[in-house]
Protein chains: 2
Amino acid sequence: MSDRQNSTEVPAADDFVLGLDVGGTKLAAGVVSADGRVQAFTVTPTGAGDGPEQVIARLCRLARDTVSSAGLRLADLTAVGICCCGPLDSRSGVVHDPPNLLGWGDVPLADLVAAELGVRVWVENDATAATVGEWRFGAGRGIRDLLYFTVSTGVGSGAVIDGRVFRGGRGNGGELGHTLMVADGRLCGCGARGCLEAYASGTAIAARARERIDDGGHSTLAALTDINAADVARAARAGDALAHAVWRETTDLFAAALAGFINVFEPQLIVLGGGVARTGDQFLVPVRERARVLAMRPAGEIVEVRQAQLAEKAGVVGAAAAAFDRVTTGE
Amino acid sequence: MSDRQNSTEVPAADDFVLGLDVGGTKLAAGVVSADGRVQAFTVTPTGAGDGPEQVIARLCRLARDTVSSAGLRLADLTAVGICCCGPLDSRSGVVHDPPNLLGWGDVPLADLVAAELGVRVWVENDATAATVGEWRFGAGRGIRDLLYFTVSTGVGSGAVIDGRVFRGGRGNGGELGHTLMVADGRLCGCGARGCLEAYASGTAIAARARERIDDGGHSTLAALTDINAADVARAARAGDALAHAVWRETTDLFAAALAGFINVFEPQLIVLGGGVARTGDQFLVPVRERARVLAMRPAGEIVEVRQAQLAEKAGVVGAAAAAFDRVTTGE
């Protein structure tokens with residue numbers, strides 16, 4: 001609290017938000033200005049096994065150090081935005097026993113960090129934060145209706161509808177990754193079967209390739225002890241038929257899912273981020289072409305599909321963007 | 001225009017909207033008061049084959065007669081709300097060659113009716129209108145986040161998000177019936193394959209029963225020349241195994257679709273209307289139970305699934321409700 005006690009002057013003319021990214025493996029922090037520029041970006045391991053108390057203490061130290069590296073004091077901040085893996089209640093700022101932070105139970109993350117730093121804190125689902133980041137500072141600037149997907153370990157998503165961030169009834173909505181794509185299909189991490197995530201996530205792409213090999217399929221991937229989605233993408237580019245079939249099945253299914261979402265949301269833009277989407281045109285082109293054909297008219301004609309622009313700082317920028325949005329809209 | 005010329009007094013203290021329902025087979029009209037009560041409900045065949053000019057003339061005659069039967073003049077109306085089968089642009093009020101009004105092409109429905117009646121006209125997609133009707137005057141009163149489905153010839157849908165009617169980027173969004181449920185599945189009327197509508201609509205339920213019989217399945221339905229969804233429901237209740245399997249497959253698939261939508265929207269309430277839902281608990285109970293199990297937590301725990309309350313006047317009440325909503329919100 002010493003930072004706050006020493007600060008008696010009027011806040012700086014520029015608005016700054018501290019963005020914090022709480023992930024299962026690492027914590028990140030960065031000071032983000034109102035135009036989306038990041039200062040003093042720092043990262044440290046989460047050490048999630050130490051439990052919430054120690055991790056939050058670590059997060060607050062990282063926060064103080066980062067603000068200080070940016071030449072600012074805590075009192076100079078308009079707000080702190082935290083993005084965290086869900087489920088969580090973005091209104092209360094309580095995280096509800098997230099699978100990526102095993103054994104945490106219910107943690108009032110916003111209140112604990114606010115008490116420690118003496119600054120207003122907003123907590124946001126990580127996919128929603130990334131959505132707001134791309135909308136305010138990335139590929140979706142100036143767009144009124146957009147969908148965002150991060151296709152990586154899982155399939156996260158978020159939506160901006162009519163110029164407003166969509167959070168669902170309790171702040172965990174926009175979970176488009178858990179739309180059923182294959183009746184009685186692959187078991188998903190959410191407990192249901194056949195979700196989009198159970199096919200199109202990086203984890204699922206790798207698992208599907210492995211299963212084809214275990215079923216006797218021939219592939220250059222068979223030599224690898226541990227297959228990941230990047231390996232499948234690389235093998236597909238190199239002409240490996242099994243990898244190509246897995247990739248094609250993935251882009252077909254993802255495109256069909258997007259077509260459905262286009263019919264529901266009629267977005268102007270769909271932004272694709274995360275490791276799988278970072279393969280670039282190999283993912284983007286077939287997904288875009290097929291989704292536009294499958295979607296109804298006129299929705300399929302107006303929608304654009306673009307790659308995300310924010311890269312490794314997406315979490316921090318997104319968390320800050322979501323906090324800026326809360327401050328601006330008063331929601 | 002004579003009604004308008006004769007009217008010089010201040011509008012009545014009560015707000016009245018004329019609701020018009022333009023369907024492929026019939027036109028309906030009713031004067032709806034701000035509390036949702038319907039006066040002077042009238043219906044006439046559309047005669048869609050006569051083309052837009054004659055149908056719109058017929059609609060306007062019906063409008064005048066209905067207002068007059070209610071003891072009002074056109075000038076007493078706050079607005080006219082029209083619900084029509086899509087696709088249409090609800091902002092411009094232009095209907096774009098709807099499949100149910102074959103050969104119409106693009107028709108500026110709102111402008112034509114407004115010019116004829118001299119009253120402000122709002123046009124709404126029929127599923128969106130029904131959604132607003134249930135929200136303002138039916139099963140969804142007082143709810144901030146709800147989804148509505150009409151399960152009949154097709155599967156129409158609409159959404160209220162955070163207390164606002166969701167229309168998608170161009171007014172045809174909320175088409176949840178065209179979400180992919182079965183990859184490379186049954187051909188849907190929209191041109192894509194495997195949509196929810198291609199399995200769960202009344203038409204699809206009947207067709208799937210017929211196909212099972214044609215494939216050699218035994219059923220009491222085999223004796224009928226023309227099977228409809230009500231026949232399948234009745235046979236299933238009477239213990240017919242084939243009909244029961246078709247019904248079970250339908251409720252399973254519909255529940256899986258709802259689970260996905262619950263994950264996306266986190267609604268407090270889902271309202272089910274249309275002929276298939278009017279079978280009551282036979283449809284509602286298995287759909288509700290399975291959807292809540294399949295959906296993620298906490299979304300699956302908070303959602304309720306209820307039957308629609310507005311019956312044969314749903315179109316007229318919905319059209320009026322949507323117009324009241326436009327007047328209130330200024331959107």
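Me: Which elements give two or more residues to chain B's side?
Reply: Those are β11 (164-166) and α8 (241-265) of chain B. The largest share, six residues, comes from α8(B). Helices (H or I, at least four residues) and strands (E, at least two) are DSSP runs, numbered from the N terminus.

Me: And how do the residues on that side divide?
Reply: Into 18 nonpolar, ten polar and eight charged. Ala, Val, Leu, Ile, Met, Phe, Trp, Tyr, Cys and Pro count as nonpolar, Asp, Glu, Lys and Arg as charged, and the others, Gly among them, as polar.

Me: pLDDT, so what should I keep in mind about the model?
Reply: The model is predicted: local features need pLDDT of at least 70, side-chain atom pairs count only at pLDDT 80 or more, and totals for chains, interfaces and linings use all residues. Residues are numbered from 1 along each chain as its sequence is written, chains are lettered from A and ligands numbered from 1 in the order in which they are written, and side-chain values use heavy atoms, with hydrogens and water left out.

Me: What does chain A average?
Reply: A pLDDT of 91, with 95% of the residues at 70 or above; pLDDT is the predictor's confidence in each residue, from 0 to 100. Over residues 1-13 of chain A, though, pLDDT stays under 50.

Me: Back to the interface. How many salt bridges?
Reply: The rule finds two across chain B and chain A, taking a side-chain nitrogen of Lys or Arg within 4 Å of a carboxyl oxygen of Asp or Glu. B:Arg164 and A:Asp162 form a salt bridge at 3.1 Å, N to O.

Me: Where is A:Asp162?
Reply: A:Asp162 is in the loop between β10 (155-161) and β11 (164-166) of chain A. A:Asp162 also has a positive phi of about 50°, although it is not a glycine.

Me: Which peptide bonds are cis?
Reply: The bond from A:Gly86 to A:Pro87 is cis, and so is the one from A:Arg297 to A:Pro298. A:Pro87 lies in the loop between β4 (77-84) and β5 of chain A.

Definitions and conventions:
Contact = heavy atoms within 4.5 Å.
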